[in-house]
Amino acid sequence: MTNDTRTQGANKPALLVGVLLLIVAALVGYDASQQTITSTYGVGPTAMPYVVAAGLVILGLSHFVVAFREGPPQPEEADRKALLWIAGGLVFLIACIGLGGGFILAITVVFACTARGMGRQGLLIDAAIGFVLGLVIFLVFAKVLTLILPSGPLERLFL
Amino acid sequence: MDTLLSLLHGFGVAFEPAKLLFCLIGVFLGTAVGVLPGIGPALTVALLLPVTFKLDPAGSLIMFAGIYYGGMYGGSTTAILLNAPGESASLATALEGSKMAKAGRGGPALATSAIGSFVAGLIATIGLAFLAPLLVELAVKFGPWDYFALMIVAFVTVSATFGDSPLRGLTSLFLGIALGLIGIDKLTGQARLTFGVPELLNGVEVTTLAVGLFAVGEAFYVASKRFRDPEEIIPIKGSLWMTKEDWKRSWAPWLRGTAFGFPIGALPAGGAEVPTFLSYSTERKLCKYPDEFGKGAIEGVAGPEAANNASAAGTLVPLLTLGLPTSATAAIMLAGFQQYGLNPGPLLFAEKPDLVWGLIASLFIANVMLVILNLPLIGLWVRLLAIPQPWLYAGILVFATMGTLAVNGSPVELAMLFAFGFLGYLMRRYDYPVAPMVVGLILGPMAEQQLRRALQISLGDPMILLENPISATLLGIAALALVAPFAMKGLNKFKASED
């Protein structure tokens, strides 16, 4: 494995992580420099962010060094389609809750999309299972725990 | 004597019907997730955190501990019958256990692991009960500087022992500490890293990070590489019972496994995997029938199984007495304490003796329940493996969503869950351990507070950290632990995995 990465030059994921760490460090440091409240004695709220930023810079630079040596092991090819199905379900979930579509609809889609992403070929059956699951969870929370999960038009029928 | 009285009192608490029920649910769930490959106790407790925040703290914590113990029992079942360890702590068990199962001795293998787990759990829990008060007495004398130094030790050991590379562990840790900075500074009221998003003022919820990294991240990861050969279950043939010969060959490995597991679990040295492999290689050396090793020697199952259970009890020592998590599950359990406003440590023993001793006493009960659940019901657990994986992970995501929405119904929180989930996936893919990040988020703010308190007392003089013998020693240990992995590459094979 080490030989492979050497022939390719630098390990790209490691370089990328290094850059990202430097960006996070810059963010943390910039935010600390913009703070207005300081402590009169002892250490103020900016000390720790600067320490963390410094640590992140060191780690980022170490990643650059490592990238030219070995870097993290190269993972096998990922199944992008599977990831997209699951991510799609979760994006729908956020939108559905954000726009007031309700809990049950969101759960139906998340269940069906995840099952599909994991390799099942029965979208409608899975959606039905997800729907029942969502309905049961919503009712248990509403009636037993007296906690109302995000509600849309569908949920209001049961309240 | 005090310990015995406290423990007796604890049993009074643990035998309340409600607590017994929580304990039973815990060990049941724990065994189930232990059996299912890919789902571990850390993930399960993380998923349950948001759902339990309204329940009785003592009961929930008893349940979490039951899940932890149960996971250690359940892991052996898949290791033996499938040659697919459900937890990393059962890797060593699989070596000999699956060979025994193939040779038609699956029954005795399961029996020796269950009874060994029971013996080890019992001894180690007694160790916990007697060691904890001693540590508490020591910890009462700790000043803020000592606590700060202790957390530095935890930071270093957690990031150095999880995963294969200290660099990746430290990266995960520092990102966690950076996340911990988000929100309002408790001492001055200064908002940090909130970028004008009001939802961030309260900081990042530990549960959101834990559920995202462990549950959602795992689902992504499994989905991304799902093309695996289906595993074949080896049916249990013959008697479940151990012969006289089996007993004779098992008892010493049980005790030696316990002797490895408990202290290593209690030290911040990283999880259950190290003692299980130490136990395995020791048994291999001591065994009277060395040629049987590799073909199904019962010692190779008895020792590691005892070691992993003992280490679970060992982990609870620093967790309860110092608030120091030394395994992924312990880190999530610490988050569990915090969601009830409880801070494990010497004060907890003084303020909530009912809760602490009830929890310790319930561990004994959990052990008895587990050995009963595991031996006669083994067929039921094996059938769990028939659940289609897509439904399992879809259910996990539904559960994760439900938990997040129950605590905080905002789309921002869900977006964070999703983002942490994807981060968790990428970290798994590129072999960055996720547990240090959770530890960083939990302990980072605590370490900052202790440091600032210490420096306020010393009027800003940082030398206070080195002038006090305890903090100086602890910082020395931390420095040593940071350098050791680079100095001793040979230890690499004992690196701990998460769970």
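Apart from its neighbours within four places in sequence, Y68(B) is in contact with G30(B), P41(B), A312(B) and T329(B), two residues being in contact if their C-beta atoms, placed from the backbone, lie within 7 Å. The structure is a predicted model, in which local features need pLDDT of at least 70 and side-chain atom pairs count only at pLDDT 80 or more, whereas totals for chains, interfaces and linings use all residues. Residues are numbered from 1 along each chain as its sequence is written, and chains are lettered from A, with ligands numbered from 1, in the order in which they are written. Y68(B) is located in helix α4 (residues 57-82) of chain B; helices (H or I, at least four residues) and strands (E, at least two) are DSSP runs numbered from the N terminus. With 31 other C-beta atoms within 10 Å, Y68(B) is buried, a class that requires 20 or more such atoms within that distance, against 12 or fewer for exposed residues and values in between for partly exposed ones. Between Y68(B) and T208(B), which are 140 residues apart in sequence, the C-alpha to C-alpha distance is 20 Å.

Chain B contains 21 helices and two strands. Its radius of gyration, taken over C-alpha atoms, is 22 Å, close to the 23 Å that the globule rule gives for 499 residues, so chain B is as compact as a globular protein of that length; the rule is 2.2 Å times the number of residues to the power 0.38. Along the principal axes, the C-alpha atoms of chain B fill a box of roughly 70 × 50 × 50 Å. Buried residues account for 62% of the 499 residues in chain B, and of the contacts in chain B between residues at least 6 apart in sequence, 81% join residues at least 24 apart.

The largest nonpolar core, with 215 residues, has A46(B), A210(B) and V438(B) as the residues with the most contacts inside it; such a core is a set of buried Ala, Val, Leu, Ile, Met, Phe, Trp, Tyr and Cys residues joined through C-beta atoms within 7 Å. The element that gives the most to this core is α4(B), with 15 residues. Domain 1 (2-67) and domain 2 (80-156) of chain A both give residues to this core, so the core lies between them, the bounds coming from an automatic or database domain assignment. Not counting residues up to four places away in sequence, A46(B) touches T207(B), A210(B), V211(B), F214(B), A215(B) and I332(B).
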